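Subject: Handover of a structure

Dear colleague,

Please find below the structure for your further work.

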Amino acid sequence: MLPKEHTIVSVDEENPQTKTIYVGCEDMPKPGQFYMVWLPGVEQKPFSVAGVAPLRFSVCAVGPFSSKFASMKKGGKVWLCGPYGNSFSLHGKKIVAIGGGYGAGPMRYLSLLAKKQGVEPVLIIGARSKDRLMKGENGMRTVFATDDGSQGIKGNAVDALKGVLKEGKVDVVYACGPEKMMGAVGKLCIEKGIKCQLLLERYMKCGFGMCGQCSIGEKLVCFDGPVFGAEIVEDVEFGKFHRDCAGRKKIL
Ligand SMILES: Cc1cc2nc3c(=O)[nH]c(=O)nc-3n(C[C@H](O)[C@H](O)[C@H](O)COP(=O)(O)OP(=O)(O)OC[C@H]3O[C@@H](n4cnc5c(N)ncnc54)[C@H](O)[C@@H]3O)c2cc1C
Ligand code: FES
């Protein structure tokens with residue numbers, strides 16, 4: 001698949017580090033899927049779909065590629081390959097979607113889709129502090145959680161999930177964010193017998209199962225995922241190792 005050129009149609013500041021970039025592209029990928037974004041002269045990196053019509057990505061500036069992408073303005077050009085990977089599967093009557101950091105982007109998209117399909121979503125958005133929180137979604141029940149208590153409940157996304165679970169039955173829990181957070185969410189759901197789907201990240205090169213760069217145990221995140229059932233938290237590499245750009249195993 002060759003990268004296709006697209007124009008940025010608008011940019012929304014979520015917080016000082018994170019922008020949501022809207023791209024003039026009519027694709028309708030599913031929540032959980034990702035695109036390989038190519039910026040010529042910089043690199044190519046995977047980004048999760050944070051919404052459609054227009055297609056959007058929530059980008060947190062942490063290094064060279066993400067800083068360049070997050071600094072782009074309306075009219076800028078990006079090249080996209082995708083969509084790649086599997087997606088979240090929506091079922092049940094009541095769901096909880098948990099987004100840690102920029103993971104709130106794909107979770108907002110999933111929640112909107114759930115609402116349209118008559119499923120009742122509760123959106124949990126977590127971050128270290130208020131200045132790192134992503135925005136909520138209009139008309140959606142949203143619980144904010146910050147580690148320092150500067151907005152919403154004082155505690156992490158898992159504390160917020162425990163609060164929602166006390167209110168009544170939840171059919172499925174979905175999460176995207178730091179692996180430590182997803183590990184705690186996955187373990188809690190296994191313990192309570194609640195279905196759970198997690199969106200994983202690994203360093204990716206090809207994005208479609210050729211290079212082996214994105215492995216976690218026996219699985220490839222780009223090809224077998226990026227969405228996995230909660231059992232993935234029991235994999236020996238989950239929350240512990242990833243591979244760097246040279247394929248070396250590194251401690252997370
Ligand atoms: C399936 C998939 C979906 C993804 N979706 C998104 C998305 O929606 N939005 C997004 O912003 N990124 C997303 N990423 C991550 C993205 O592809 C890049 O890895 C990330 O933007 C960092 O790239 P970089 O070149 O800017 O920094 P790098 O040079 O790779 O990293 C710079 C420094 O930041 C650290 N770092 C890397 N990633 C993170 C992180 N996530 N949080 C904190 N520190 C980090 C590194 O350890 C390093 O020290 C996704 C990755 C995958 C595999
Ligand atoms: S990124 Fe190449 S196999 Fe997954």
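For the description of the sheet, two strands are taken to pair if DSSP finds at least two bridges between them. Please note that this is a predicted model.

The sheet

An open sheet is formed by 6 strands, with antiparallel pairing and the order β4-β3-β6-β1-β2-β5. Its edges are β4 (43-48) and β5 (55-60), each of which pairs on one side only. On average, and with direction ignored, neighbouring strands of this sheet are turned by 40 degrees against each other. Within the sheet, β1 is joined to β6 (residues 77-84) by antiparallel pairing over 4 bridges. T7 stands opposite K77 in β6.

The second largest pocket

The volume of the second largest pocket is about 380 Å³. Its lining consists of 20 residues, and those that lie nearest its centre are A50, G51, R56, Y109 and L112. By class, 9 of the lining residues are nonpolar, 3 are polar and 8 are charged.

Both β1 (4-15) and α2 (104-116) supply at least two residues of this lining. The largest share, 5 residues, comes from α2.

Yours sincerely

Conventions. Residues numbered from 1 in each chain as written. Chains lettered and ligands numbered in written order. Predicted model: local features only at pLDDT ≥ 70, side-chain atom pairs only at ≥ 80, totals over all residues. Heavy atoms only, no water. 1 Å grid on protein atoms, 1.4 Å probe; cavity = no way out; pocket = protein on both sides within 12 Å on 5 of 7 lines; lining within 4 Å. Points joined across faces, edges and corners; volume = space filled by probe spheres on them. Nonpolar A, V, L, I, M, F, W, Y, C, P; charged D, E, K, R; others polar. Axes fitted to C-alpha atoms, helices over the stretch in contact; angles between N-to-C directions.
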